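This report concerns a single protein chain. Please consult the sequence and the structure shown below while reading.

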Amino acid sequence: MTPTDGPTIPDYVYTTYIRATPDDVWHALTDPELTARFWGHAQVSDWTPGSRVEHVRTDGSGIADCAGRVIEADRPRRLTFGFDDPDFEPSVVTFEIETHQDIVKLTVLHRKLRNADELHAIGQGWPAVLANLKTLLETGEVLPQAPWEFHAAERAARMAENG
């Protein structure tokens with residue numbers, strides 16, 4: 001079956017506005033210590049096109065739960081990387097950073113999703129991650145509870161079904 005034979009899975013698009021500079025947002029998206037704080041995993045890479053990106057646990061184990069490659073890095077405007085780990089989604093994420101006076105418009109585009117379940121899961125995950133990012137950049141602290149915990153029971157049930 002080719003991708004055009006089945007139902008079309010739409011791209012996921014999410015936009016938020018942050019009181020920050022484009023450089024602050026870029027730094028938060030590419031610094032392992034900051035991503036560990038707001039994402040719950042450290043995004044580890046040298047952010048050069050073609051370089052590996054790893055989504056590394058923050059428990060000190062060094063385990064990367066997924067990995068991929070940097071596709072585009074245009075500091076501080078656009079960052080694109082893909083996941084190529086066969087146990088994870090074969091998808092592409094783009095962060096577009098636009099400035100307007102004293103704020104940044106951050107748009108996340110997640111493409112090449114395999115199915116509606118992935119779209120649903122991503123639709124719960126990205127708002128949680130970006131709310132934490134926004135809060136960190138605007139206040140210096142992350143949210144008092146990890147926002148992705150709202151959906152932890154549902155995520156665990158989905159993993160048990162697929163595992």
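The side chains of Arg 37 and Glu 141 form a salt bridge, with N and O 3.7 Å apart; the term denotes a side-chain nitrogen of Lys or Arg within 4 Å of a carboxyl oxygen of Asp or Glu. Because Arg 37 belongs to helix 2 and Glu 141 to the loop between helix 3 and helix 4 (152-162), the pair ties together parts that are 104 residues apart in sequence. Arg 37 is partly exposed, at a relative accessible area of 38%; buried means under 20%, exposed over 50%, and partly exposed in between (1.4 Å probe, protein chains only).

The model is predicted: local features need pLDDT of at least 70 and side-chain atom pairs count only at pLDDT 80 or more, while totals for chains, interfaces and linings use all residues. Residues are numbered from 1 along each chain as its sequence is written, and side-chain values use heavy atoms, with hydrogens and water left out.

Side chains of opposite charge can pair when their charged atoms come close. The whole structure holds nine salt bridges, including those in the table.

| Salt bridge | Closest N and O atoms |
|---|---|
| Asp 23 and Arg 75 | 3.9 Å |
| Asp 74 and Arg 77 | 3.3 Å |

In the bridge between Asp 23 and Arg 75, Asp 23 lies in helix 1 and Arg 75 in the loop between strand 4 and strand 5, 52 residues apart. Helices (H or I, at least four residues) and strands (E, at least two) are DSSP runs, numbered from the N terminus. Asp 74 is partly exposed at 29% relative accessibility, and Arg 77 is likewise partly exposed at 48%. Salt bridges also link Glu 72, Arg 78 and Glu 96 in a network.

Helix 2, which carries Arg 37, also meets helix 3: Leu 34, Arg 37, Phe 38 and Trp 39 face Trp 126, Val 129, Asn 132, Leu 133 and Leu 136, contact being heavy atoms within 4.5 Å.

The largest nonpolar core has 30 residues, and those with the most contacts inside it are Leu 29, Phe 81, Phe 95, Leu 106 and Trp 126. Such a core is a set of buried Ala, Val, Leu, Ile, Met, Phe, Trp, Tyr and Cys residues joined through side-chain atoms within 4.5 Å. Its largest share, six residues, comes from helix 3. Beyond its neighbours within four places in sequence, Leu 106 touches residues including Tyr 14, Val 25, Phe 95 and Leu 130.
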